[in-house]
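Here's a walk through this model, one topic at a time. Have the sequence and the 3D view open as you read.

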Number of protein chains: 2
Amino acid sequence: MSAHATSRPKRLVILGSTGSIGRQTLEVVCGLRERFQVIGLSAGANATLLEEQAREFRPRMVWSGSEGERTALAAASGADWATLEEQAAHPDADLVVVGTVGSAGLMPTLAALRAGKSVVLANKEVLVMAGALVTQAAKQGGGELLPVDSEHSAVWQCLWGEEGSAVRRIILTASGGAFRDYSAEDLARVTPEDALNHPTWEMGRKITVDSATLVNKGFEAIEARWLFDVPLDRIDVVLHRESIVHSLVEFVDGSVKAQLGEPDMKLPIRVALCYPERVAEERESRFDLVRTGALHFEPPDMRRFPALGLALKAGRLGGTYPAVLAAADEAAVGHFLAGHLRFSDISILLDEALSAHRAAADTDVEAVLAADAWARAYADDWVQTKV
Amino acid sequence: MSAHATSRPKRLVILGSTGSIGRQTLEVVCGLRERFQVIGLSAGANATLLEEQAREFRPRMVWSGSEGERTALAAASGADWATLEEQAAHPDADLVVVGTVGSAGLMPTLAALRAGKSVVLANKEVLVMAGALVTQAAKQGGGELLPVDSEHSAVWQCLWGEEGSAVRRIILTASGGAFRDYSAEDLARVTPEDALNHPTWEMGRKITVDSATLVNKGFEAIEARWLFDVPLDRIDVVLHRESIVHSLVEFVDGSVKAQLGEPDMKLPIRVALCYPERVAEERESRFDLVRTGALHFEPPDMRRFPALGLALKAGRLGGTYPAVLAAADEAAVGHFLAGHLRFSDISILLDEALSAHRAAADTDVEAVLAADAWARAYADDWVQTKV
């Protein structure tokens, strides 16, 4: 391991650096300055924070969704302006952290993998939309997909030293989200503020709402299907309130492995960035099973949270259906957060979008992007006409 | 993995074949006849069962503690008479299962490891008595130690694909044994029958009593220290009533892995026999977190169960102290099962034996065997004079 420690720092490109994953990635990097050098930063919004980050980390490349910030950013950091795709495929990049949200990460992820980069993938919609294309790009380009979602990081760690053919079943745990104890009636009345109040995890706004509908767990099942090449019918979901057991793998001999830890995204980020090393976290161990006392497991309630079942259905249908699911959900969550849609309407919208969709013959990038655009338009129209 | 499946069967020697581990090993082998060939069987007692086993598995070598059975065994199986050590070191043996109890396994284990055999070690006193010698023999002979205790199998599986230097802490789980909910007063009155009524595991008599005193968990901490080269002060014990989480490993980056499963010794036996493959268990999966519902974790009560603390103390003292602990315990449990000793006297006897012991300068095999003999004599004497 000393070979790693003494080699040159890994050069990081962070797409979506002002989002929850981007900020936490930079926090992790701060504690490991000798190991990582940030060469690219980008953000869709929040130009002020991006400028601060650029000043601190002195990347070579920046990009902001606010084109007007271009001059200020260049002045702050001396960095060149480079699009997400340019940054992702840059010859000097070793590791590309895709911390964008929604469909924004798809093309940069494909660009990075085609260029043979290792991709730390936090943008879950990328694999949901285009899992076949993304895993194919990784195979062809020689790049590696490193999961950073706590659930997939858990599965991944449980698979270290194991043969893929030894996997019988993946068991994804779900906290249950903000409304796990709400009745169907209560669910009809919840506000965006209620939905953003997650019981165990601090995350971005969109994913926090997705956790509350449980569609997020369906996304994760689809992601797991692609990341670990395990069919959806061998991926189960179990409700686990404490968010301590991050997921489990059952092997063909009946043995089960789990990965555990306090709910803190910085752990899976650290694991992915440092892979294949485990780098010491100096802080005193906080993991304490005795203090936790008990870990609970329940079946998810597919009736109160129909979006989970819809997501799994889209995953089983395959083709462009998962892209429709992801795009319709992104639009629906936007409308919900803007106050244009009730919480319980999100799953109704998803259901109707999936029913209305006609899949393309081929599932190439064009078809995926067309399905994405169709679903967004469908969702916007749905909100205007039905609500 | 197909290379393994098509290669010749592994040749097994099973020492202690009529005990709990021996019988369960043969059950596992029965389901995997194309993978294993039993070439040696032996048992200290229960000549009738040994004869049955010899008839069924047709080993080349047998040995029975009842010398008078020699002719009958030879007639039943056509096998040659060979001592435990001869069987363990036999040139044709690939894998030696040490399923003996107490100190009986030490010399055969050393013989097997020196001959470069892989040893499936269920006889925990072997590592407790002579961990340094045994691990040294493995290193010198090139043999491998494969754990089969559920706890050590769990730790071992969690370490597949990990660097030894990445381990921060081992967390051994304990069911708490038959008396986990007994008060100190109740403990003074329990009978051997009470002690043999383990809440979650079916095991041999001696280990079931050792579980009730919790000395077993101290033995396991000492074993783990040797098997995984982790100092005792980084091995913790946590009470876990359900016996579903078999043990955990915390890594330096804060990540924790656990191995889980129904409490069934056949799983770790299967894992050790088939290593490095995982061989499919055809029966429907029985692992069901939702049915289990909750997993509980508590600190062990060192006051009600002082034998655990005594065992850890012996482990920290090192040298011949752990051999004294193991031998005094074996004698004490024998006296308790025979009705000569109260349950609460077991730990008093262990405490006084450890205090009375004067460690030898060197911890070679002779010193270990001398400490073992001294402790047995001390225990017998203690029972005669103090009870």
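## The sheet in chain A

Let's start with an open sheet of seven strands in chain A, ordered S4-S3-S2-S1-S5-S6-S7 and paired in parallel. At its edges stand strand S4 (80-81) and strand S7 (145-147) of chain A, each with a single partner strand, so one side of each has no neighbour in the sheet. Two strands count as paired if DSSP finds at least two bridges between them.

One of the pairings joins strand S2 (residues 36-43) and strand S3 (residues 61-64) of chain A, parallel over four bridges. Within that pairing, A:Leu41 sits opposite A:Val62 in S3(A).

A word on the ground rules: this is a predicted model, where local features need pLDDT of at least 70 and side-chain atom pairs count only at pLDDT 80 or more, while totals for chains, interfaces and linings use all residues. Residues are numbered from 1 along each chain as its sequence is written, chains are lettered from A and ligands numbered from 1 in the order in which they are written, and side-chain values use heavy atoms, with hydrogens and water left out.

## Chain A as a whole

Chain A has 18 helices and twelve strands. Its C-alpha atoms fill a box of roughly 55 × 50 × 40 Å along the principal axes. The radius of gyration of chain A is 20 Å, which agrees with the value near 21 Å that a compact globule of 387 residues would have. That radius is taken over C-alpha atoms, and the globule rule is 2.2 Å times the number of residues to the power 0.38.

## The sheet in chain B

Chain B has an open sheet of seven strands too, in the order S4-S3-S2-S1-S5-S6-S7 with parallel pairing. Strand S4 (80-81) and strand S7 (145-147) of chain B are at the edges with a single partner strand each, so one side of each is left without a neighbour in the sheet.

Here S4(B) runs parallel to strand S3 (residues 61-64) of chain B, with two bridges joining them. Across from B:Met61 you'll find B:Asp80 in S4(B).

## Where the chains meet

At the interface, 44 residues of chain A touch 44 residues of chain B (contact means heavy atoms within 4.5 Å). The area buried between the two chains is about 3600 Å², with 61% of it from carbon and sulfur atoms. Buried area is the accessible area (1.4 Å probe) that two parts lose on being put together, summed over both. On the chain A side, A:Asp253, A:Arg278 and A:Phe297 lose the most area to chain B, together 18% of what that side buries.

There are 22 residue pairs in polar contact across the interface, both residues being at pLDDT 80 or more. A polar contact is a pair of N or O atoms within 3.5 Å; within protein, one must be able to donate a hydrogen and the other to accept it, and residues adjacent in sequence count only if both atoms are side-chain atoms. S11(A) gives the most to the side of chain A that touches chain B, with five residues. S11(A) also pairs with strand S11 (residues 256-260) of chain B, antiparallel over five bridges. In that pairing, A:Val256 has B:Leu260 as its bridge partner.

## Salt bridges

How many salt bridges are there between chain A and chain B? The count is four, where a salt bridge is a side-chain nitrogen of Lys or Arg within 4 Å of a carboxyl oxygen of Asp or Glu. B:Asp253 and A:Arg278 form a salt bridge at 2.9 Å, N to O.

Over all chains, a search of the whole structure finds 64 salt bridges. Among them, A:Arg8 pairs with A:Asp94, the closest N and O atoms being 2.8 Å apart. A:Arg8 lies in the loop between helix H1 (2-6) and strand S1 (10-15) of chain A, and A:Asp94 in the loop between helix H5 (84-88) and strand S5 (95-98) of chain A, so the pair ties together parts 86 residues apart in sequence.

## Backbone details

The peptide bond from A:Tyr275 to A:Pro276 is cis, with omega near 5°, and A:Pro276 lies in the loop between H13 and H14 of chain A. In chain B, a cis peptide bond joins B:Tyr275 and B:Pro276, with omega about 5°.
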